Amino acid sequence: MKKYYAKSKLPDGTQPTVKEHLEAVAKLAKQFGSVFGRGDEAWVAGMFHDFGKYSDAFAKALQGTRTKVDHAMCGAVFLSQAKKKKRAYEPIIEAIHGHHSGLIHFGELEPALRGNFCQGTAISLNDDKYPAMAGQEEYTRAAGCFQEDFPEFRFPKLQKFAVRKELLEIRENEEHLTIHNIEEMLYTRMLFSCLVDADYSVSASDQNPQYLLETERLKFEAEAWLEELLRYKNRLSRQSSSDASLNQIRNDLFEQCGNMGDSAEGLFTLTAPTGTGKTLALLHFALRHCQSSGKRRIIVVLPFLTLAEQNADTYKKIIPDILIDHSQSTLSDDAREFASRWSAPFIITTSVKFFESLFAGHPTDCRKLHHIADSVVLFDEAQSLPTEVTETTLEAVNELCRTYHCTMVFSSATQPDFGAIRNVVWKPTEIMPDNPRLFAALKRTHVEWRLEMPTSLEEVAAEMAGLPSVCVIVNLRRHARKLFGELKEMCLEDELFFLTTDLCMEHRRMVVKEVTRRLKDGLPCRVVATQCIEAGVDLDFDVMFRALAPLDSIIQAAGRCNRNGRIAGGGRVIVFEPQEEGCLYPGSPGQKCGNWYESAAVLVKRLCAEQPLDIDSPCQMKKYYQELFQGQADKASLRRALGLRDFAETEREYVLIANKGLKVIVPIPWELSEEKYKKYQAIRSEVLKNGITPSLMRQTAALTVTVPVCRQEKLEHCLERLEYAGQRREGDEKSGYYILRPQYEKYYMRDMGLQLPEEMEGGNIW
């Protein structure tokens, strides 16, 4: 019989056959799927994913005499006919069909699959291509080729995805049907992940036989890392200048987390005040748990990029081999393979990267998902979930624990009462059940609620000017700019600092380092900031001003005040409502007032009018969340997409952060760092010559500022000062990257970062 090839000739002159490729992919996919008990399903997906390559059309594509040939559809067509009405095969068919272009629900696929087989219809749902086969005759011939290659092949007996009994009983209830769809869609994505990773890995191994060895860092050394953690913790304790009672609480928390690490797998919460060492305590839990339960890796999920970088600095002192993977991670080419596969033993990522991948539908986004199975996942600062996607997110979390053998920990000083949401089942085990004692013992601040009438930013600036160690956190960047301008008239330049996302990540690091030094040395230090320093940034002020915000934001801000218990009478936290025109709260660019952030802030004001809130009371925090979540439901458009099992629409609707704006590559001013300015100039030359590339995106990650533009006229003005940094290819989609024209580099300032005149004029910019 004719020999069919899977790939073009390799550099060494060999050419992998379809048989060799299918066999290798199926074997590897089965290995991946076996981790969560679906090895046979993943094996079948691997065996048929390239069934369409048993065709003359694909052979001609390899020869270069045909284009737009869709081989992925054909494996889905063959299985849909070979296993009619076998629901266990539907997720496999979805995975096979989408392994190059993305997932489509079987209900939408089925008419096209049937038509291609029965009527010979040459309609593909993959990127306007044409199926490599059409009609029963071609499929019968291809089946003969497959049987010739695999004479011993037999379909295994597969179990269809089980509907939970409680959902089956009330299936007519739309809400519970949506929950079931979340579970079914995640199962498809997990099989899809096994197939895609196996396919990509085998293809890469054809070029480099050592590929899998080079991209598998599965040497999990829990015992050695535990020993290093204990040594590091002891060094910190000896060097600590914190109050003795605070150090004792940190030690107690650390030990309790370690002891709870011996628990069975499942869902946990860790509720403890800020500054109690939750970062190391969580690691203690995770390493003990991996040691006792044999988990394969640890994944740390953080809400902000700055937190990811900061926590990585701590963890690297204990664990040398860490993968940091987020949208702006500066990874080497080798590390990018680990990032795409998540095959490292210790991963730090962001909420956006983790959760949006769980609801994605494209191969590159989903390739890593099967590596989440049988892992310990630590959510630090777990309160940061947007309410419009909370139900969906938490159901996925429950399913990862229930079906994929994950242990998940939600850690926060402001632990949300997710159980108060109507459709959410939330039954975690609390690692520190006596946490009210910790909050009472660690009362390090007292709050002044100045909410009876609004306070002008000029008044705040005047009060700050008379204080040597003070920070203000406001909700909007325009408020920060105004405050900073007022303080510049009253304070010495070296005593005043600005920390917002107007500064690129590298610039913020430099500012935080200098602020930390001045606070440690007891030098005057006044900081104007937005929420970007609210969580995880280890600063310790005597006084903290906080613009009215959700209660968890206020508590996080308070955690940067008297953090180490230095002030006997406690630090001062002053909560005020700004006396400013226009919106007072952030939202998505272009969105009018009225969103979850504003609703939560208004709730705080109402509760304080009844009785001043005690930010150190878990009971009051619980009451706050119960009222905040009352009547709360995920946005209707997301629920609709889930109800239809529409993978593409779900991916579009499931968004944690609406990042609409221009990515502007900026120059660190020469006077701050000659080296970094020269690096910017070299990058600028390459970008303008060749356009932005993945390599340049990585190099510019720490030198990029996102400029949200709310109105079209502002966008047009901004673009006059920027040069497009997209790839120089015809038909290239907009990359979203821009770079300042040389004459406008002055708009990136040494103290305030990027200040385009269009934004300085005001308007709803945050």
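Predicted model: local features only at pLDDT ≥ 70, side-chain atom pairs only at ≥ 80, totals over all residues.
Trainee: How are α11 and α13 placed, and at what angle do they pack?

Mentor: An angle over 145 degrees counts as roughly antiparallel. In this structure, helix α11 (residues 222-239) and helix α13 (residues 278-293) pack at an angle of about 155°, and their axes lie 10 Å apart. The two helices are therefore roughly antiparallel to each other. Their crossing is left-handed.

Trainee: Which residues of α11 and α13 make the contact?

Mentor: On the α11 side, they are Ala222, Glu223, Trp225, Leu226, Leu229, Leu230, Tyr232, Lys233 and Leu236. From α13 come Leu280, Leu283, His284, Leu287, Arg288 and Gln291. Sorted by class, the residues of this contact comprise 10 nonpolar, two polar and three charged.

Trainee: Which residues meet in the contact of α16 with α18, and how do they divide by class?

Mentor: Phe354, Phe355 and Leu358 of α16 meet Thr393, Ala396, Val397 and Leu400 of α18. The contact has six nonpolar residues, one polar residue and no charged residues.

Trainee: Let us turn to single residues. Is Ser80 buried or exposed?

Mentor: A residue counts as buried when its relative accessible area is under 20%. Ser80, which lies in helix α4 (residues 72-82), has a relative accessibility of 9% and therefore counts as buried. When residues up to four places away in sequence are left out, Ser80 touches Ile93, Phe106 and Leu113.

Trainee: Where is the place of His99, and why does His99 count as buried?

Mentor: His99 is found in the loop between α5 (90-97) and α6 (106-118). The cut-off for buried is again under 20%. His99 counts as buried because its relative accessibility is 0%.

Trainee: With which side chains does the side chain of His99 make polar contacts?

Mentor: A polar contact is a pair of N or O atoms within 3.5 Å. The side chain of His99 is joined to the side chain of Asp50 by a polar contact of 3.3 Å. A polar contact of 3.2 Å links the side chains of His99 and His100.

Trainee: Which residues does His99 touch, not counting residues up to four places away in sequence?

Mentor: Counted in that way, His99 touches His49, Asp50, His71, Ala72, Phe192, Leu195, Val196, Asp199, Tyr200 and Pro363.

Technical notes:
Residues numbered from 1 in each chain as written. Heavy atoms only, no water. Axes fitted to C-alpha atoms, helices over the stretch in contact; angles between N-to-C directions. Helix = DSSP H or I, 4+ residues; strand = E, 2+ residues; numbered from the N terminus. Parallel < 35°, antiparallel > 145°, perpendicular 65-115°, else oblique. Left-handed = near helix turned anticlockwise from the far one by under 90°. Contact = heavy atoms within 4.5 Å. Nonpolar A, V, L, I, M, F, W, Y, C, P; charged D, E, K, R; others polar. Buried < 20%, exposed > 50% of the residue type's maximum accessible area, 1.4 Å probe, protein only. Polar contact = N/O pair within 3.5 Å; in protein donor to acceptor, adjacent residues only side chain to side chain.
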